[in-house]
Amino acid sequence: MTKDDCQRYLEDPEANAAHLRTCAKCNAEAIALAEKADVEPPSLDLDALPLAPWEGSSHRAWPLVLGTAAVVAIVALALLDAAGMSPLHVVEGSLTSMDVLRAQLNRAANSLRSASLGAQVVFGAAFVIVNGLLIALLRRAPRGIDA
C-alpha cells in the first residue's frame, strides 16, 4: 500500500478500518498494539507510597497549636496585669453575666411548662423532627466536590 493510505489509517483508524485487510505492515502494528493493551498494569506497592498528612504521617501540628495557645494565654495575662485586674476577677465577672442568660433560660422553660398541652406536644414533636433531620443529614454519605 501507499504511504498516504497508511497515514490516513493512522489519523483515523475507525474510518479506515478496511486498510488493515490490505496492508500487512499496519495489520502487524495493530496486532502488536492490541497485545500490549491486554497486558495488566504492574501492581503498586502501597507501602512504598508516601503518606498524606491525614493518613497517619509522622508530621503533627500540635507543637504549633500548643505554642499559639501559650502565646495567647501569656498576652492575656499581660493585658490583665496592665489593667490591674486579676484572672479571678474576670472569671467572676463572666459568671455574673451568665446569670442573666440562666434567668432567661429559666423564664423560657417556665413559660413552656405553663403552656397548654397542645403547645407542649407541638414543641416536643418539633424537637424530635428537627433532631431526626439532623441525624439523617449526619449519617448520609458526603458528596464530593465533583459529584
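Helix α4, formed by residues 62-83, comprises 22 residues in this predicted model. The distance from the first C-alpha of α4 to its last is 31 Å, close to the 32 Å expected at 1.5 Å a residue. This helix is hardly covered, with a count of 1 buried residue among its 22 residues. Gly84 follows α4 and has a positive phi, near 75°.

The chain has a mean pLDDT of 82, and a value of 70 or more is reached by 83% of its residues. Among the elements of the chain, the highest mean pLDDT, 94, belongs to helix α6 (residues 117-139), whereas the lowest, 78, belongs to helix α3 (residues 24-37).

Burial and surface composition were then examined. Of the 147 residues in the chain, 5% are buried. The chain exposes about 13,100 Å², of which 66% is supplied by carbon and sulfur atoms. A nonpolar surface patch of about 370 Å² is made by Val91, Leu95, Met98 and Leu101. Within this group, Met98 lies in helix α5, which spans residues 87-113. Met98 counts as partly exposed because its relative accessibility is 40%.

A disulfide is a covalent bond between the sulfur atoms of two cysteines. With a cut-off of 2.5 Å between cysteine sulfur atoms, the count comes to 0 disulfides. Cys23 takes part in no disulfide, and the nearest cysteine sulfur, that of Cys26, is 3.6 Å away. With a relative accessible area of 6%, Cys26 is buried.

Notes
Residues numbered from 1 in each chain as written. Predicted model: local features only at pLDDT ≥ 70, side-chain atom pairs only at ≥ 80, totals over all residues. Heavy atoms only, no water. Buried < 20%, exposed > 50% of the residue type's maximum accessible area, 1.4 Å probe, protein only. Areas by Shrake-Rupley, 256 points an atom, 1.4 Å probe, with all protein chains shown as cover. Helix = DSSP H or I, 4+ residues; strand = E, 2+ residues; numbered from the N terminus. Expected span 1.5 Å × (residues − 1). Patch = residues over 30% accessible without salt bridge, like charges linked within 9 Å, V, L, I, M, F, W, Y side chains within 5 Å. Salt bridge = Lys/Arg side-chain N within 4 Å of Asp/Glu carboxyl O. pLDDT = per-residue confidence, 0-100.
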